[in-house]
Amino acid sequence: MEITELARNVRERDPARPGWFESVFCYAGVHAVLWHRLSHRLWRAGFRGAARLSSHIARMLTGIEIHPGARIGRRLFIDHGMGVVVGETAEIGDDVLIYHGVTLGGLSGQPGKRHPTVQDHVTIGAGAQVLGPIVVGHGARIGANAVVVSPVAAGCTVVGIPARPPKGSPCDDAGIGYGFRDVTEDPVGEQIAALRAEIAGLRAELERVKARENV
C-alpha cells in the first residue's frame with residue numbers, strides 16, 4: 001500500500017524520526033503525493049477538468065502545487081513542502097527529496113516538453129528553481145536557492161545563480177551535504193573585492209593623468 005511506503009520513507013529520511021501517526025497524518029508532502037495519484041489517474045483517463053479540480057483542492061489543503069500531468073515515481077519525500085510547484089511535463093524519479101519553495105518550472109510557453117526531468121535519488125534544497133526541459137542526473141544534489149537552467153550530471157552538486165559545482169570542488173564531492181556552498185567560499189565578497197581593486201586602480205590612473213596635466 002503506497003501510504004505505508006510513503007510513511008516508512010518519512011520515518012527513515014526525516015532526522016526528527018516521527019512516529020507512524022505523525023508520518024501519515026502530519027506530513028503535507030505525503031498527502032500531496034497521494035492526491036496527485038488521484039489527479040494523475042483522472043488526467044490520463046481524459047477527465048482533465050476533474051483532474052485540475054482535484055489538484056487545486058490538494059494545493060489548498062497542502063500548499064503544494066503539482067500539475068496532474070506531471071509524472072512522479074515512488075517514495076517522493078517533500079519535506080515541509082509549502083510553496084513547492086511542479087509543472088505539467090515534469091518527471092520525477094524514485095526516492096527523490098524535495099524541500100519547501102522548490103519550483104520545477106518551464107522557460108517557454110510553447111507546447112511540448114518544457115519542464116525538468118529529475119532522475120532517481122536526487123535532492124533539491126529549499127527555494128531552488130529548476131527550469132526548462134533539462135535532466136537532473138541520478139543522485140545529483142541542488143543547493144538551497146540555486147537557479148538551475150542547465151543539465152546536472154549524475155552525482156553532481158550544484159549551487160548558486162546560475163547553478164554550478166562549488167569552486168574548487170569535484171562534481172561528485174558530497175562533503176557539503178545536499179548542496180550548501182562551502183563556508184570558506186564567498187563569491188559576492190570576492191566580486192566586491194575585485195570591484196574595489198578596479199576602482200582603486202582607476203583612481204590611481206586618474207591621479208597620474210591629473211599630475212601630468214599640472215606639469
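**View 1. Asn 145 is an exposed residue with a positive phi.** In this predicted model, Asn 145 has a relative accessible area of 52% and therefore counts as exposed (exposed means over 50% relative accessible area, buried under 20% and partly exposed in between, with a 1.4 Å probe and protein chains only). Its phi is near 65 degrees, a positive value in a residue other than glycine. Asn 145 belongs to the loop between β12 (141-142) and β13 (147-148); helices (H or I, at least four residues) and strands (E, at least two) are DSSP runs, numbered from the N terminus. Residues are numbered from 1 along each chain as its sequence is written, and side-chain values use heavy atoms, with hydrogens and water left out. As the model is predicted, local features need pLDDT of at least 70 and side-chain atom pairs count only at pLDDT 80 or more, whereas totals for chains, interfaces and linings use all residues.

**View 2. Asp 95 is a buried loop residue with a positive phi.** The loop that holds Asp 95 lies between β5 (91-92) and β6. Phi of Asp 95 is near 60 degrees, a positive value in a residue other than glycine. Asp 95 counts as buried because its relative accessibility is 14%.

**View 3. Five strands form an open sheet with parallel pairing.** The strand order is β3-β6-β9-β12-β14, where two strands pair if DSSP finds at least two bridges between them. At the edges are β3 (77-78) and β14 (157-158), each of which pairs on one side only. Strand β3 runs parallel to β6 (residues 97-98), and two bridges join them. Ile 78 stands opposite Ile 98 in β6.

**View 4. A cis peptide bond joins Ile 161 and Pro 162.** Omega of this bond is about -10 degrees. Pro 162 is located in the loop between β14 and α5 (187-214).

View 5. The C-alpha atoms of Glu 5 and Arg 74 are separated by 8.6 Å, although the two residues are 69 residues apart along the chain. The side chains of Glu 5 and Arg 75 are joined by a polar contact of 3.0 Å (a pair of N or O atoms within 3.5 Å; within protein, one must be able to donate a hydrogen and the other to accept it, and residues adjacent in sequence count only if both atoms are side-chain atoms). With a relative accessibility of 15%, Glu 5 counts as buried.

**View 6. The largest pocket is lined by 16 residues.** On a 1 Å grid over the protein atoms alone, a pocket is an open set of points with protein on both sides within 12 Å along at least five of seven lines, a cavity is a set of points where a 1.4 Å probe fits but cannot get out, and lining residues have an atom within 4 Å of a point. The volume of the largest pocket is about 190 Å³, a volume being the space filled by probe spheres set on the points, which are joined across faces, edges and corners. Arg 52, Glu 65, Ile 66, His 67 and Val 86 lie nearest its centre. The largest share of the lining, four residues, comes from α4.
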